[in-house]
Amino acid sequence: SPQESGISSKAIIGIAVGASAVVLIAVGAFAIIGCCCFGKMNRNAPTDSSKPFTIVFTDIQNSTGLWARAPEAMSASVEKHHSIIRSLISKHGGYEVKTIGDSFMIAFKSSQDAIT
């Protein structure tokens, strides 16, 4: 018990609050570093609202059926698909808006960038 060890309840609460604050600060720092250093390539995002841009959607045809028939192969295939798509996004100056399952939504500043 706290009284047997000579530590008061207030001291235990203080230690717990201090430790929690340190953990929250560390998590926040990692989140900021992760967004800044490992985040999407925002410089490619279309930001000028006066200029048209192009949106591209991708999807693996019949992926639900493929997942049902060969889940192990699909897992590896989707990882490879994501890697290939992301390298092409970077190569052609696109911006990954979002990814859901095996589908991508990608923005390009021009239609020419999207098709070349």
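Reader: Which residues does Phe108 touch, not counting residues up to four places away in sequence?

Author: Contact here means heavy atoms within 4.5 Å. Leaving out residues up to four places away in sequence, Phe108 touches Pro46, Phe53, Thr54, Val56, His92, Gly93, Gly94, Asp113 and Ala114. The model is predicted, so local features need pLDDT of at least 70 and side-chain atom pairs count only at pLDDT 80 or more, while totals for chains, interfaces and linings use all residues. Residues are numbered from 1 along each chain as its sequence is written, and side-chain values use heavy atoms, with hydrogens and water left out.

Reader: Is strand β3 mostly covered or mostly open?

Author: Strands (E, at least two residues) and helices (H or I, at least four) are DSSP runs, numbered from the N terminus. Buried means under 20% relative accessible area, exposed over 50%, and partly exposed in between (1.4 Å probe, protein chains only). Strand β3 spans residues 103-108 and is mostly covered, with five of its six residues buried.

Reader: Which residues make up the largest nonpolar core?

Author: A nonpolar core is a set of buried Ala, Val, Leu, Ile, Met, Phe, Trp, Tyr and Cys residues joined through side-chain atoms within 4.5 Å. The largest one has five residues: Ile85, Ile89, Phe104, Ile106 and Phe108. Both α4 (71-91) and β3 supply at least two residues of this core. Its largest share, three residues, comes from β3.

Reader: In what sense do β1 and β3 pair?

Author: Two strands pair if DSSP finds at least two bridges between them. Strand β1 (residues 54-58) pairs with β3 in the antiparallel sense, over five bridges. Thr58 has Phe104 in β3 as its bridge partner. Strand β2 (residues 95-100) also runs antiparallel to β3, joined by five bridges; here Ile100 stands opposite Ser103.

Reader: How many residues lie between β2 and β3 in their hairpin?

Author: Two, and Gly101 in that turn has a positive phi of about 60 degrees. A positive phi also occurs in a residue other than glycine: Asn62, near 60 degrees. Asn62 lies in the loop between β1 and α3 (63-69). Asn62 counts as partly exposed because its relative accessibility is 48%.

Reader: Is Glu96 buried or exposed?

Author: Glu96, in strand β2, is classed as buried because its relative accessible area is 13%. A polar contact is a pair of N or O atoms within 3.5 Å; within protein, one must be able to donate a hydrogen and the other to accept it, and residues adjacent in sequence count only if both atoms are side-chain atoms. The Glu96 side chain makes such a contact with the side chain of Arg86 at 2.8 Å, and one of 2.6 Å joins the side chains of Glu96 and Thr99.
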